[in-house]
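Please consult the sequence and structure shown here.

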Amino acid sequence: MHAIQITEFGGPDVMELVELHRLVPAEDDVVVEVAAAGVNFVDTYVRSGGRGGDLPRLLGAEGAGTVVDVGSNVQTLAVGDRVAWARAAGSYATHVALPAADAVRVPDGLDLELAAAVALQGGTAHYLSHSSYPLEDDDVGLVWAAAGGVGRLLVQMAKRRGARVIACTSTDEKADEVRRIGADEVINYRTDDVVARVKELTDGQGVDVVYDSVARATFEISLDCARRRGMIVLYGQASGPVPPFDLNVLAAHGSLTLCRPSLGDYTATPSELEWRLHAVFDQVAAGQLDVVIHDRYPLAEAARAHRDIESGTTVGKLLLIP
Ligand code: NDP
């Protein structure tokens, strides 16, 4: 088998395609032949050392493929089953081993590439819109990085829940795309004053919830955009972490609630994982969720994929095809 490995933390070029021994499943695991592996911004934090951990290590967390071997305790899956997953270390590979409990069946008729494209980012958009802040009719949400992988899916799920969506992005091309998938208002944060525009669009009140995945560059703006007793859901840090701050800032901005959620805590049991991913798969299969594949890359070109996602120029999903 082949996989992408790093022996040091650093830029995209630390990733190497290596040949490894065939995987043998542990008793609760399955081995899957990977049809497509998802590239996520989170993978760049792992590669650059932002998440710590031991070296050498294999990269990637998400994918979809076909089960080729099962451990002796596995009752729920069999060879030939089509599955997807959002947390299997070493998914940038031809084969990956993961606990059967972390593999979710892909419904018949749903393409494996599409399943790989939405397992992690769709699961994330689902918990953000349904659980971290369960959007309701007439809620107003501000979504940063709205044309990105999670962002595009979050805009669409928020709309399906009846919310009014104000989307922020960096270029007019991205703004057009976000409008196309249903955002009510789009702000180009490079050319417009985001706080002034949000206040204008909300009669001076601010939004009920801000979904902020950019962090360092946007957090202060997010605080100013939330309404009194609104919520900031800080779920990523594409521009770097928010510097330490005094919690009294939340009171000064109108008794705000701040949460910093993680997908693992919203898919902690097999039933919750399956519920979220099947909800997402069903929407994709029914054509209710528009999925855009930005590009497909051979495994050997993982570094190019990381350069692209870190450049901030991508729209939608990047996939590695082993
Ligand atoms: P994206 O496809 O959204 O790519 C990142 C986007 O962030 C860019 O396209 C760009 O959009 C924006 N951005 C703003 N500032 C920068 C910067 N300095 N460098 C690069 N990009 C920047 O990636 P993903 O969909 O994979 O992930 C989105 C975010 O969600 C990430 O922060 C990730 O860590 C987080 N995440 C969190 C999870 C959780 O459970 N907490 C799970 C999954 C993802 P624009 O040009 O529009 O500003």
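Q: Why is S255 called partly exposed?
A: S255 has a relative accessible area of 47%. Partly exposed is the class between buried, under 20%, and exposed, over 50% (1.4 Å probe, protein chains only), so S255 is partly exposed. The model is predicted: local features need pLDDT of at least 70, side-chain atom pairs count only at pLDDT 80 or more, and totals for chains, interfaces and linings use all residues. Residues are numbered from 1 along each chain as its sequence is written, and side-chain values use heavy atoms, with hydrogens and water left out.

Q: What is the phi of S255, and where does S255 lie?
A: S255 is not a glycine, yet its phi is positive, about 55°. S255 lies in the loop between helix 7 (248-252) and strand 14 (257-259); helices (H or I, at least four residues) and strands (E, at least two) are DSSP runs, numbered from the N terminus.

Q: Why is A145 called partly exposed?
A: The relative accessible area of A145 is 30%, so A145 is partly exposed. A145 is in the loop between strand 9 (140-143) and helix 3, and its phi, near 50°, is positive in a residue other than glycine.

Q: Why is H306 called buried?
A: H306 has a relative accessible area of 0%, and therefore H306 is buried. H306 lies in helix 10 (residues 302-311).

Q: What makes the pair H306 and Y92 a polar contact?
A: The side chains of H306 and Y92 make this contact at 2.9 Å. A polar contact is a pair of N or O atoms within 3.5 Å; within protein, one must be able to donate a hydrogen and the other to accept it, and residues adjacent in sequence count only if both atoms are side-chain atoms.

Q: Which element gives the most to the shell around the ligand?
A: Helix 2 does, with 4 residues.
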